[in-house]
Amino acid sequence: MTTPSIPVNPSRRDFIQRAAAVTAAGSAVALPGGAWAAGSDAPEKKEVRIGFIPLTDCASVVMASVMKFDEKYGIKIIPSKESSWAAVRDKLVNGELDAAHVLYGLVYGVHLGVSGPKKDMAVLMTLSHNGQAITLSKKLADKGAVDGAGLAKVMKAEPREYTFAQTFPTGTHAMWLYYWLASNGINPMTDGKVITVPSPQMVANMRVGNMDGFCVGEPWNHRAIIDGIGVTAATTQDIWKDHPEKVLGTTAEFVQKNPNTARAMIMAILEAGRWIDTGLQNKMKMAEVIAEKSYVNTSVDAINQRILGRYQNGMGKTWDDPNHMKFFNDGAVNYPYLSDGMWFLTQHRRWGLLKSDPDYLAVAKAINRTDLYKQAASQLKINVPKSDMRSSKMIDGVVWDGTNPAKYAAGFKIRAA
């Protein structure tokens with residue numbers, strides 16, 4: 001690109017006009033990593049509305065806007081606070097939202113027409129790893145239900161209808177809850193009642209006795225401890241170390257019409273995630289920002305401990321967890337592995353949400369836009385893995401690596417009938 005020259009003695013108006021031309025022309029090449037921001041690679045849509053639910057892991061979306069990382073890539077992110085995952089789903093489908101901080105399994109569920117309208121969807125990147133938890137009521141904990149084994153023992157000794165809450169039927173929290181219960185010999189489909197409750201309403205519902213336990217993202221597990229109504233029985237990183245959690249989701253139609261905008265969103269949020277994970281000071285600033293009423297609307301102390309890996313269970317036990325919530329982790333967080341998306345499909349099949357086996361790999365390839373992610377990561381000099389699959393050992397010792405997903409889904413002793 002040729003930069004316009006400025007005459008030696010221009011008039012003031014001419015100088016201002018030409019200086020502006022220099023700025024405009026230079027903007028594309030001045031951006032870090034040679035970002036797309038001009039010409040045919042300019043974002044098709046300059047203003048993007050990204051939905052989020054009040055959870056700690058909305059932070060990279062929020063901070064991309066607050067810290068103005070978005071402006072580097074020619075877009076303006078408008079974070080849109082939503083009341084429930086069902087609202088996020090509906091607004092993505094009808095186009096009120098351009099994209100969203102969203103549950104991995106929700107995107108896959110919409111794509112396949114499970115739990116709501118069917119629409120072709122896209123996952124642009126993974127936003128976070130780890131950092132969710134399973135909370136049991138203080139009343140149950142006082143009877144010995146402080147972990148999975150204790151819960152199973154109490155449920156056997158005192159038969160009644162036990163109620164557990166998750167945040168969306170095909171979402172991550174439902175799958176963590178079901179997996180954890182089943183790994184402790186409890187069938188979530190037959191041994192208890194499962195209800196859906198929006199994330200910010202979990203603590204209030206437990207306070208009035210509407211559920212015995214729930215799985216949700218932070219800060220609501222720690223909030224239950226602060227309020228003295230719940231205990232942390234397990235973290236989701238106990239279930240699957242470095243598991244995928246929220247993703248940047250949108251519709252396939254949006255990506256088709258706005259590929260440059262989609263790539264710009266990825267780059268801005270990658271930068272924000274990298275900024276958050278850089279160190280203690282940035283994490284603390286992030287906690288202060290997202291605690292505000294317009295975002296998560298809670299106290300800073302409900303957020304800032306667990307993002308540093310400082311955990312307590314509400315019964316006197318404290319520990320430092322190296323596998324706490326992460327937003328970047330040198331790029332390890334953000335690649336949209338096909339095997340990650342396929343895992344949620346195997347659990348949807350396991351629990352009867354899918355009545356037959358889909359073409360697991362084909363669905364993941366259709367949804368996870370590894371092409372756009374690789375382009376964005378390349379511009380930011382962020383490493384990408386050599387394979388679209390990764391291998392992980394779950395809490396029950398079973399290894400998931402993306403091979404033979406139908407056999408994997410059918411191989412669990414506890415599953416839907």
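1. The lining of the largest pocket in this predicted model comprises 6 charged, 4 nonpolar and 2 polar residues. The space within the largest pocket comes to about 220 Å³.

2. The residues that form this lining are Ser137, Lys138, Lys139, Leu140, Lys143, Arg160, Met206, Arg207, Gly209, Met211, Asp212 and Ile229. Lys138 and Arg160 are among the charged residues of the list, while Leu140 and Ile229 are among the nonpolar ones.

3. Two helices deserve attention at the largest pocket: α5 (138–141) and α8 (202–207) each supply at least two residues of its lining. The greatest contribution comes from α5, with 3 residues.

4. Helix α4, which spans residues 104–112, is mostly covered, as 8 of its 9 residues are buried. The buried residues are Tyr104, Gly105, Leu106, Val107, Tyr108, Gly109, Val110 and His111. Just after α4 comes Gly113, which adopts a positive phi of about 75°.

5. The largest nonpolar core contains 126 residues, and within this core Leu151 and Trp343 touch the most other members. Helix α12 (residues 259–277) gives the most to this core, namely 11 residues.

6. When neighbours within four places in sequence are left aside, Trp343 is in contact with Met175, Trp176, Tyr179, Trp240, Met394, Trp400 and Tyr408.

Key:
Residues are numbered from 1 along each chain as its sequence is written. This is a predicted model: local features need pLDDT of at least 70, side-chain atom pairs count only at pLDDT 80 or more; totals for chains, interfaces and linings use all residues. Side-chain values use heavy atoms; hydrogens and water are left out. On a 1 Å grid over the protein atoms alone, a cavity is a set of points where a 1.4 Å probe fits but cannot get out, and a pocket is an open set with protein on both sides within 12 Å along at least five of seven lines; lining residues have an atom within 4 Å of a point. Grid points are joined across faces, edges and corners, and a volume is the space filled by probe spheres set on the points. Helices (H or I, at least four residues) and strands (E, at least two) are DSSP runs, numbered from the N terminus. Buried means under 20% relative accessible area, exposed over 50%, partly exposed in between (1.4 Å probe, protein chains only). A nonpolar core is a set of buried Ala, Val, Leu, Ile, Met, Phe, Trp, Tyr and Cys residues joined through side-chain atoms within 4.5 Å. Contact means heavy atoms within 4.5 Å.
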